[in-house]
Amino acid sequence: MRSYNFGKGCKVELHGHGKPIMEIVQEKVAEMELKHKEDAFYLADLGDVVKKYEKWSELLPRVEPFYAVKCNPDLPVLKLLAHLGAGFDCASKDEIAKVLKFGVPTSKIIYANPCKQNAFIRYAAKQDVQMMTFDNEAELYKVKAAFPNARLVLRILPPANFKVQCELGNKFGCHPKDARALLMKALELDLNVIGISFHCGSGVGEAAAFSAAVEASAEVFDIGQSLGFDFDLLDIGGGFPGHAGGAISFEEVAEVLNDALNKYFPPKRNVRIIGEPGRYFVSSAFNLTVSIIAKRMVATDAKAVALERSEEPAFMYYVNDGVYGSFNCLLYDHAKVEASLVNAPVNAMEFRTSIWGPTCDGLDQILKEVRLPELCVGDYLNFPNMGAYTVAAGTTFNGMPRPEMFYHCSENVWCHLFPDALKAKGPGRLTGKIPFLKAGHDLDKVEHERVPPSPVVLLDA
Ligand code: PLP
């Protein structure tokens, strides 16, 4: 398979157009088996990130995406998004440092944590990362002392009567009725407030949450302008769906949001609009494959055991990633995960099954009850949509290693972005005109002409 060296430790395997993920997983499993390895691994589809970027540009053309690094600070993803022209939402000094390394201009970074450590504010000042959010008076005093020229963004509490996967309003956001007083304090301290932000909550379940929040922002915008602030920024936060199986689609959100933005912030108002999508960019791009490291057959349920009745058996499988690793998303992100078999037996009988992580803790359970055929130690299970709030907060508790990370991309998508990939290693090389990346372009459908093999060139990005 041809590959492309995308910087330190990241080899991107390029594959043909439309290759199904399960095929890629099976090939990787076969490769692992040849090496006598049984480790858990991620397959990160960088092309999926590119397509998300394209879709965002097409459906939300007025909103600049500032990727929320906290969601998955994977370096190749940050590098790719920086290459595409995205901005970044950073929550700490470390996140700011990470994106600055990729040459991201400071105008494309927002320090979007309303409660910051003093030393981190001083770091932002030193790096001239001017945009930062606040939602309380104490923060204004801290900013006044550490970075009086900061360009502040008031984070308001959006209307709360909507379903979300993870609530954020319990911790952050100035109630709109308190906004006037807080803005007056900023005036008194001679601080520069440039606009309003909100975050509806992570994993918004109703598109109307966004329009309600835009409306609330417009009211506070008016208050700020009436106080004499020169507001020119609206930050609509994150909360966008990351994969197709969610409660709402990105298309629905975009439609509702565009209407609200055009109503309350029409282009003639000259407001820069940014968003802080996290899961939107990475959720569907990351596929996790784990192997079964241990197995136990148990009676079907406690009642059957008590009655000493023998019934259909149930199985417990122990796999090599769990809630202290990638599956922390079950606890922190309230995620729901789905397992499928990498090499599914045909017409096999299914049994009650529970799936457990590798640590010695009884809490470390991934799936309480699913129906699966009987499996063996060494078999692999696959979990799609594992890019958001997984690796970011995973630990190595009990000395369990983090999954290995492999990157792949359809060669058409990659060659659009990095024309020098045309010279990448492989049987034959790609050639032909490379159309410019533009909104609405279906990257996978572009055909490249193949020419006979050329000398091997391995590129470093
Ligand atoms: N912005 C801020 C300030 C956040 O706290 C978060 C998530 O917690 C995000 C953006 C990203 O949210 P999501 O991943 O739901 O898009």
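Helices here are DSSP runs of H or I with at least four residues, strands are DSSP runs of E with at least two, and both are numbered from the N terminus.

Two remarks on the source are needed. Residues are numbered from 1 along each chain as its sequence is written. The model is predicted, so to speak of local features we need pLDDT of at least 70, side-chain atom pairs count only at pLDDT 80 or more, and totals for chains, interfaces and linings use all residues.

Now the overall picture. The protein has 13 helices and 22 strands. I call a residue buried if 20 or more other C-beta atoms lie within 10 Å of its own, exposed if 12 or fewer, and partly exposed in between, with C-beta atoms placed from the backbone. Of the 461 residues, 44% count as buried. Two residues are in contact if their C-beta atoms, again placed from the backbone, lie within 7 Å. Among contacts between residues at least 6 apart in sequence, 72% join residues at least 24 apart.

How is the protein divided into domains? The assignment, whose bounds come from an automatic or database source, gives domain 1 (2-44 + 284-302 + 309-405) and domain 2 (45-281). Their C-alpha centres lie 34 Å apart. To the contact between them, domain 1 brings 16 residues and domain 2 brings 17 residues. On the side of domain 1 that touches domain 2, there are 10 nonpolar, five polar and one charged residues. In these classes, Ala, Val, Leu, Ile, Met, Phe, Trp, Tyr, Cys and Pro are nonpolar, Asp, Glu, Lys and Arg are charged, and the others, Gly among them, are polar.

A UniProt annotation from an unreviewed entry, "domain: Orn/DAP/Arg decarboxylase 2 N-terminal", covers residues 46-283. UniProt positions are given in the numbering used here, feature names are shortened, and annotations may be inferred rather than shown by experiment. The end C-alpha atoms of residues 46-283 lie 12 Å apart, and the span is 43% helix and 18% strand.

Next, the interior. A nonpolar core is a set of buried Ala, Val, Leu, Ile, Met, Phe, Trp, Tyr and Cys residues joined through C-beta atoms within 7 Å. The largest such core has 125 residues, and V49, L81, I109, Y111, L152, L154 and F210 have the most contacts inside it. Helix α8 (residues 208-226) gives the largest share, seven residues. As one example of the packing, I109 touches G87, F88, C90, I96, V99, V104, V129 and M131, leaving aside residues up to four places away in sequence.

Let us return to α3. Seven of its 10 residues are buried, so α3 is largely enclosed by the rest of the structure. The buried residues are P76, V77, L78, K79, L80, L81 and A82. Their cover includes α2 (46-59), β4, α4 (93-100), α10 and β20 (404-410).

In the loop between β4 (63-68) and α3 (75-84) we find K70. The unreviewed UniProt entry lists K70 for "modified residue: N6-(pyridoxal phosphate)lysine". Is K70 buried or exposed? K70 is buried, because 20 other C-beta atoms lie within 10 Å. Not counting residues up to four places away in sequence, K70 touches A91, E95, G278 and A392.

C360 lies in the loop between β17 (350-356) and β18 (365-373). C360 is exposed, because it has 8 other C-beta atoms within 10 Å.

I close with backbone angles. Most residues other than glycine have a negative phi. D190, which is not a glycine, has a positive phi of about 60 degrees. D190 is found in the loop between α7 (176-188) and β10 (192-198), and is exposed, with 8 other C-beta atoms within 10 Å. N385, also not a glycine, has a positive phi of about 55 degrees. N385 lies in the loop between β19 (380-383) and β20, and counts as buried, with 24 C-beta neighbours inside 10 Å.
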